Structure formats: C-alpha cells, structure tokens
Amino acid sequence: MSDFRGADVLLADLPDETEEVIGARGYDSNRIRHAPADRNITVCIPPKKNRKSKLPYDWHLCKKRRLIENMFAKLKDRRRVATRYDRCAHT
C-alpha cells in the first residue's frame with residue numbers, strides 16, 4: 001500500500017502552530033502539496049524526477065532534513081551492533 005493514505009491522515013491532524021512540512025521526494029504529489037498549503041503551511045518537498053513542471057522548494061531545508069534522517073539511521077545501526085547479544089543462541 002502506498003504511504004499517501006497515511007500522509008493524508010497525518011496532514012489533517014497537524015497542529016495549528018505548524019509552519020512548515022518537509023517531506024521526501026516520494027511524497028511529491030499535488031494532493032499532498034495542496035492540503036497543508038490551504039492552511040498557510042509552507043511545503044518543502046523536492047519534485048520527482050519524472051514531474052513535468054518542476055516546482056520550487058527550499059534546497060537548504062531539504063538538505064537539513066536529510067542530515068537528520070542520516071543521523072537516525074546511524075543511531076539505529078549502532079544500536080544493532082551494541083545489542084548483538086539478542087542474536088546469540090544462549091539467550
């Protein structure tokens with residue numbers, strides 16, 4: 001199943017104080033872009049490679065999102081190494 005259905009639910013439940021929504025390239029659709037924009041929330045989603053009309057986005061903000069995403073990936077990877085005892089036969 002596509003993540004678009006889950007994205008619709010999450011975007012509908014955004015708090016009123018939300019100023020920006022930052023998403024990955026996979027969430028580039030007109031429906032996801034217009035839902036927060038109707039509530040005056042800035043949307044920062046890079047356009048897909050196959051989009052005919054490339055929409056503007058804040059490149060620096062997306063770069064920061066990617067850094068945070070990589071940090072969580074490293075934390076998860078190090079947890080896997082640190083808790084290697086979970087895979088031992090004697091436990």
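**Exercise 1.** Determine which element gives the most to the lining of the largest pocket.

*Solution.* In this predicted model, local features need pLDDT of at least 70 and side-chain atom pairs count only at pLDDT 80 or more, whereas totals for chains, interfaces and linings use all residues. α1 makes the greatest contribution to the lining, with four residues; helices are DSSP runs of H or I with at least four residues, strands are E runs of at least two, and both are numbered from the N terminus. Both α1 (4–12) and β1 (20–22) supply at least two lining residues. By class, the lining holds 10 nonpolar residues, two polar and one charged.

**Exercise 2.** Count the disulfides, and explain the result for C44.

*Solution.* Residues are numbered from 1 along each chain as its sequence is written, and side-chain values use heavy atoms, with hydrogens and water left out. A disulfide is a covalent bond between the sulfur atoms of two cysteines, and the criterion applied here is a pair of cysteine sulfur atoms within 2.5 Å. Under that criterion the count is zero. For C44, the closest cysteine sulfur belongs to C62 and lies 3.2 Å away, which is too far for a bond. C62 is likewise in no disulfide, the sulfur of C44 being the nearest to its own.

Key. Nonpolar A, V, L, I, M, F, W, Y, C, P; charged D, E, K, R; others polar.
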